[in-house]
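Let's explore a protein together, one question at a time. Have the picture ready and follow along.

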Amino acid sequence: MSEQLKLAACPFCGSCGGEIMDFRGHLGNRIQCGGCNVSTDTFLSYEEAHAAWNTRAATGYEEESERAS
Ligand SMILES: [Zn+2]
């Protein structure tokens, strides 16, 4: 087992199997969905980007449904 962090499914197209991509670099780290191209902000640490993605993924559905109604 690797120590790769788990990424939550995309909150916008998680059900369609969009590939979740992570971009890591010394200039910044972010997580992006290959399905709908939604991405996190760019963070200095990958862990922060990862946390932001999972937080967004966990709350995205609620925010979206509130906005739609
Ligand atoms: Zn997506």
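**Getting to know the fold**

Q: Does Ile31 count as buried or exposed, and why?
A: A residue needs 20 or more other C-beta atoms within 10 Å of its own to be buried. Ile31 has 28 C-beta neighbours inside 10 Å, so it counts as buried.

Q: In what order do the elements of the protein run from the N terminus on?
A: The protein has one helix and two strands. Read from the N terminus on, their order is β-β-α.

Q: How many bridges join strand 1 to strand 2?
A: Strand 1 covers residues 20-23, and the two strands run antiparallel. Across the pairing, Phe23 stands opposite Arg30 in strand 2. The number of bridges joining strand 1 to strand 2 is four.

Q: Which residue in the turn of the hairpin has a positive phi of about 160 degrees?
A: Strand 1 and strand 2 form a hairpin, with six residues between them. In the turn, the residue with that positive phi is Gly28.

Q: Is Leu27 buried or exposed, and why?
A: Leu27 is found in the loop between strand 1 and strand 2. Leu27 has 8 of them, so it is exposed.

Q: How far apart in space are Leu27 and Phe43, C-alpha to C-alpha?
A: Along the sequence, Leu27 and Phe43 are 16 residues apart. In space, their C-alpha to C-alpha distance is 8.6 Å.

Q: Which element gives the most residues to the largest nonpolar core?
A: The largest nonpolar core has six residues: Cys10, Ile31, Cys33, Ala49, Trp53 and Ala57. Strand 2 (30-33) and helix 1 (46-68) each supply at least two residues of this core. With three residues, the element that gives the most is helix 1.

Q: Which residues does Cys33 touch, not counting residues up to four places away in sequence?
A: Cys33 is another member of the largest nonpolar core. Its contacts are Cys10, Phe12, Cys13, Gly18, Ile20 and Val38.

Q: What is the phi of Asn37, a residue other than glycine?
A: Asn37 is found in the loop between strand 2 and helix 1. It counts as exposed because it has 12 C-beta neighbours inside 10 Å. Its phi is positive, with a value near 70 degrees.

Q: Which element has the lowest mean pLDDT?
A: The mean pLDDT of the protein is 79, and 71% of its residues reach 70 or more. Where pLDDT is low, the predicted coordinates should not be read in detail. Strand 2 has the highest mean among the elements, at 92, while the lowest, at 73, belongs to helix 1.

How values were computed: Residues are numbered from 1 along each chain as its sequence is written. This is a predicted model: local features need pLDDT of at least 70, side-chain atom pairs count only at pLDDT 80 or more; totals for chains, interfaces and linings use all residues. A nonpolar core is a set of buried Ala, Val, Leu, Ile, Met, Phe, Trp, Tyr and Cys residues joined through C-beta atoms within 7 Å. Two residues are in contact if their C-beta atoms, placed from the backbone, lie within 7 Å. Two strands pair if DSSP finds at least two bridges between them. pLDDT is the predictor's confidence in each residue, from 0 to 100.
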